[in-house]
Amino acid sequence: MLDGVIVVSLDQTMRAMRLMAETTRVIAEGAGALPVAAALTGEAGQGPIVAVVSGGNIDLAKFCDIVQAAAG
């Protein structure tokens, strides 16, 4: 059963990847960062939000490039 959908941009995903790395030291690939990116949009509603973050299968050099680009 599907209750709704939240669409996020590539930039929002990159910012979520950076935020997780900086605040929790979690290295997540783009797909793994999508729940956090969606939660950060504010469209997920009020109250506690649980984001399942999975997938750390990303080349470290590529991850560094993404995190630097997200710094803007």
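**Exercise 1. How are helix 1 and helix 2 oriented to each other: roughly parallel, roughly antiparallel, roughly perpendicular or oblique?**

Before we start, note that this is a predicted model, where local features need pLDDT of at least 70, side-chain atom pairs count only at pLDDT 80 or more, and totals for chains, interfaces and linings use all residues. Residues are numbered from 1 along each chain as its sequence is written, and side-chain values use heavy atoms, with hydrogens and water left out.

*Step 1.* The two axes come within 8 Å and cross at roughly 95 degrees.

*Step 2.* Angles of 65 to 115 degrees count as roughly perpendicular (under 35 is roughly parallel, over 145 roughly antiparallel, the rest oblique). Helix 1 and helix 2 are therefore roughly perpendicular.

*Step 3.* By class, their contact (heavy atoms within 4.5 Å) holds nine nonpolar, three polar and no charged residues.

**Exercise 2. Find the buried residues of helix 1 and say what they pack against.**

*Step 1.* Helix 1 covers residues 10–24 and reaches 21 Å from its first C-alpha to its last.

*Step 2.* Buried (under 20% relative accessible area, 1.4 Å probe, protein chains only) are Thr 13, Met 14, Ala 16, Met 17, Met 20 and Ala 21. They span an arc of only 160 degrees around the axis, which puts them on the same side of helix 1.

*Step 3.* These buried residues pack against helix 2 (30–40) and helix 3 (60–70).

Conventions: Helices (H or I, at least four residues) and strands (E, at least two) are DSSP runs, numbered from the N terminus. The expected span of a helix is 1.5 Å times one less than its number of residues. Buried means under 20% relative accessible area, exposed over 50%, partly exposed in between (1.4 Å probe, protein chains only). The arc is that of the directions from the helix axis to the C-beta atoms. Axes are lines fitted to C-alpha atoms, for helices over the stretch in contact, and angles run from 0 to 180 degrees between N-to-C directions. Ala, Val, Leu, Ile, Met, Phe, Trp, Tyr, Cys and Pro count as nonpolar, Asp, Glu, Lys and Arg as charged, and the others, Gly among them, as polar.
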